[in-house]
Amino acid sequence: MVYSKRVDGRKFDELREIEAKVGVVKSADGSAMFKIGDTIAIAAVRGPRDLYPKFMQNPKKGILRCNYNMMSFSVDERIRPGPSRRSKEIGLVTENALLPALNLEEFPNAVVDVFIEIIQADAGTRCAGICAASLALADAGIPMKDIVCAISVGKVGGKILTDLNKKEEDYEDGSSDMPVAMLPRKNEISLLQLDGEMKQEDIDECLKLAIKACQKISEIQRNALMEKYQTNQIDDQVDKENQDG
Amino acid sequence: MDNISREYITKTLDKGKRLDGRKFDEYRDIEIEYGISKYAEGSSRVRMGDTEVFAGVKLEVGEPFPDKPDGGTIIVNVEMLPLSSDEFESGPPGVDSIELARVVDRAIRESNCIDLKKLCIKEKEKVWMVFIDIYTINNAGNLQDAACLASLAALKQAKIPEYKDEKIDYSKRKDKLPLTSLPVECTTVKIDNILLSDPDFYEERWNDARLTVATTEKNEICAMQKSGKGVLSADDVRKAIEASLKNGKLLREKLK
Amino acid sequence: MGLIIKEREFVIPGDVIAEGIDYLPGNGVYRDGNQLIAQQIGIVNLDNRLIKLVLLTGAYRPKIGDIVIGQIVNMGFNGWTLDIGFSNLAMLSVRDATSDFIDKKADLSRYYDFDDYIVAKVLNISKSNLIDLTMKGHGLMRLKEGIIIDVSPSKVPRIIGKQGSMITMLKNLSNCEISVGQNGKVWIDGGNTGKIIEAIKLIEKESHIPGLTEKIEKMLGGK
C-alpha cells in the first residue's frame, strides 16, 4: 500500500518538533539536550583530558571517544543495562561523524570523551545523539570546523520522506531508513548508513532532503548556543585585556 | 574541579557553617519532575542541589522466586554514568554502584513499599517483575538519597501495562502500582565530630563515615547502611536517625 | 570580499567571518581557502588585519609567559611534575625551580612536596605540548594556606580586569590575598574567603553584563 499520508500528519519533507538546550550537565565540560519528536538525547563532553592506557595516546593529536547508550526505560521493551553490539557500532559511527569537524591538533596525547544517553526513543536516536554531541563539543570549547547535524531520511511505502518516526521505521509495506550526518557549511557528509532497499534516484532525492533538513537543524543548534552564550554588549575592559594577552 | 581541602571544610564547620551556608541538618533545594520518559511505566527526575538523577520503572512478566511463589519481584539497578562525574568510568557497575542500588532495594523491600502479592498473575508461574533503573546525571554529592527519592517518584507515577493472551500491551497502561509505603532515605556524614545531613560533593569526599537511614510514614526505620572507612558512636547513630526521621518527613512531602 | 561578520558579533563554529586575503586568522579562527571561519564560540575581535575571537568557552591552552597555578603530582630526580588543569602535565625542572645549588641526592620534597600548590610561569611549550615551568620570577611562589577554586579560563581576564583593576578591588575590599592563574585557578587566603568566592562566581556568570564592577563593589561592602 502506498504511504500517502504520514501517521502524524506531517508533510513528507517536514521535521518533527525540535527542542535543543545547551549546558544541561553542570559538572561536564560541555553538554546539551536534543529532542526531536518523541526522541530525546543528552550528550556530555569530558575533556580534553589524560588518556589511559598510554598506548592509546596519539602524540600528534588528541583522540575522540564516543559512547552511545540507551536508558533501559527509553523504549517499551526494557533494555538490559550495559553495552550491546548495536550501541558499540553506533558509538563508532558517531565518532566518525564528529571527527571530521574537530581540530584536535592542540591536544596531543589527550582524549575528548563524548557520552550520549537516549532518554526516550522514537526512531532517529543516533542522529539526535550526534546533534546533541555537536552542541556539547562546542559548549566545551573544542575547536571545530563546523557544528555537525544529522537526520534520518528514507523511503516508506514507496514515498521518500524526512525524519522517520518509529511507526514509519516499522511500516509493514516497506521501509528503508537512511541516517545522514553532515557538516552543513559545505554539505559534507560524515555519516551515511542505509537499512533497507532503495534505487539510485531514491538515494539522490533522499540526500537532497537531508541537506534541506540539516540547514533547518543547524539554525536550531545555533539558537541553542546563542541562548546560553549570547551577549548583548561587550565591556570595553574585556576587549582590551584580551588584546594584551 | 575546585580543590576544597578537608582543612578548609573543617575550619568552616568550626565556625558553625557549611560551605553553601546551610544548617548542619538542612537539605539542599529539591525538585521532582514526573514522567520524563513516556515509554517507561513510570519515570522521574530528581534534583537535590546540583545533584541530578533519573529513574525509570519498567514492568515485565516472569517467574516468581521459589521462596515467594505468590509475589511479584523487584530489581533495582544503578548506573553511575561517566557523563555525570570525572570520577566515574565506563564499564559494568562497580561496587559503589551496587551498594547504592542494594540500599535503595532494601528500603523498598523491607517497608513493603510495593504490595507484591497484588502483582501475582498466576501463582508459581507468572508474576510482574518491577525493574527500577536509576541513572546519575550530575554528581554533586549524596546520590544515595536522590536515587531513592527518584525511585519512589517513578513508582508513584507508574501504571501497570495490560497483560492479555500471554502478551504485554505497553500501549495500554491502566492501574497504578499498589504502593503501601514511601520509604525515604536520608544520609548523614560525619566529619571530625560534626554530623551533616545531605552532604554535598566535598563533604562526601572528606567524610569519615556515612549513615543512610530509611524511614516510613509510621516513623519506622526499615533499612540502614553505614558506609565509608571510619567509625560512628552509638550517639552519632541516634542523632543521625533523629535527623533522618525529621528530614524524611520533608522529603516525603515533596513527593506529593 | 572583506568582513562578513562585524566586530563584536557572536559567532559559533562554522560561521564565515571574512572572505579574501586581506585578513589573517588569529585565535579561534581558521582559514579554509578563501574564507576565515570561526572554530569556537566567541565574539569577533579585530586587531588590524588579524581576526580573532574573544572566546566564551573552552579549556585552558597554555601560552609562553602565562602565570599559572599548578599542583605537584610527581617528583623525579630532575624536578617535579605538575597538574595545571591542562590535558598534559607540566614539568618544573630543578634548575628552573630555584637559584640554590641542589645536590643530586637532595630531597626535592624539602622544596616542593606532593599536593603543594605553586604559582609558576610557563617557560616553554614543545611541539608535542610538553610544558616547562619556571619559579624564577617576581611573585612566583609556593602557596601555603587558603583554598583554590576553578573558574572558566575564558573569564580570567574579566576577573583580573583592565590593568588589574578588578582583582585589586577584590583584594582591598576583603583583606584577602588573591592570586589568579591564566589556567583558571584562583587562590584565596584570608578573612572573607566566602564572600570573595561568591563575588568571583558572579563575575564568571555576568562577565559580559555592564555595571558588573559596581555590583561587585556593593556586594563586598564598598561604597
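Q: How many residues does the contact take from chain A and from chain C?
A: In this predicted model, the contact takes 38 residues from chain A and 30 residues from chain C.

Q: And which parts of chain A supply at least two residues each there?
A: On the side of chain A that touches chain C, strand 3 (39-50), helix 2 (125-139), helix 4 (200-229) and helix 5 (236-244) of chain A each supply at least two residues, and helix 5 of chain A gives the most, with 7 residues.

Q: What classes of residue are on that side?
A: The side of chain A that touches chain C has 15 nonpolar and 10 polar residues, together with 13 charged residues.

Q: OK, what about chain B: how many residues are in contact there?
A: There, 21 residues of chain A are in contact with 29 residues of chain B, and strand 5 (110-120) of chain A gives the most to the side of chain A that touches chain B, with 4 residues.

Q: How do the residues of that side divide?
A: The side of chain A that touches chain B divides into 9 nonpolar, 6 polar and 6 charged residues.

Q: Changing topic, what order do the strands of the open sheet in chain C have?
A: That open sheet of 4 strands has the order 2-7-8-4, with mixed pairing, and its edge strands are strand 2 (10-11) and strand 4 (24-25) of chain C, each of which pairs on one side only.

Q: Do strand 4 and strand 8 of chain C pair in the parallel or antiparallel sense?
A: Strand 4 of chain C and strand 8 (residues 50-55) of chain C pair in the parallel sense over 2 bridges, and the bridge partner of Pro25(C) in strand 8 of chain C is Ile51(C).

Key:
Residues are numbered from 1 along each chain as its sequence is written. Chains are lettered from A and ligands numbered from 1 in the order in which they are written. This is a predicted model: local features need pLDDT of at least 70, side-chain atom pairs count only at pLDDT 80 or more; totals for chains, interfaces and linings use all residues. Two residues are in contact if their C-beta atoms, placed from the backbone, lie within 7 Å. Ala, Val, Leu, Ile, Met, Phe, Trp, Tyr, Cys and Pro count as nonpolar, Asp, Glu, Lys and Arg as charged, and the others, Gly among them, as polar. Two strands pair if DSSP finds at least two bridges between them.
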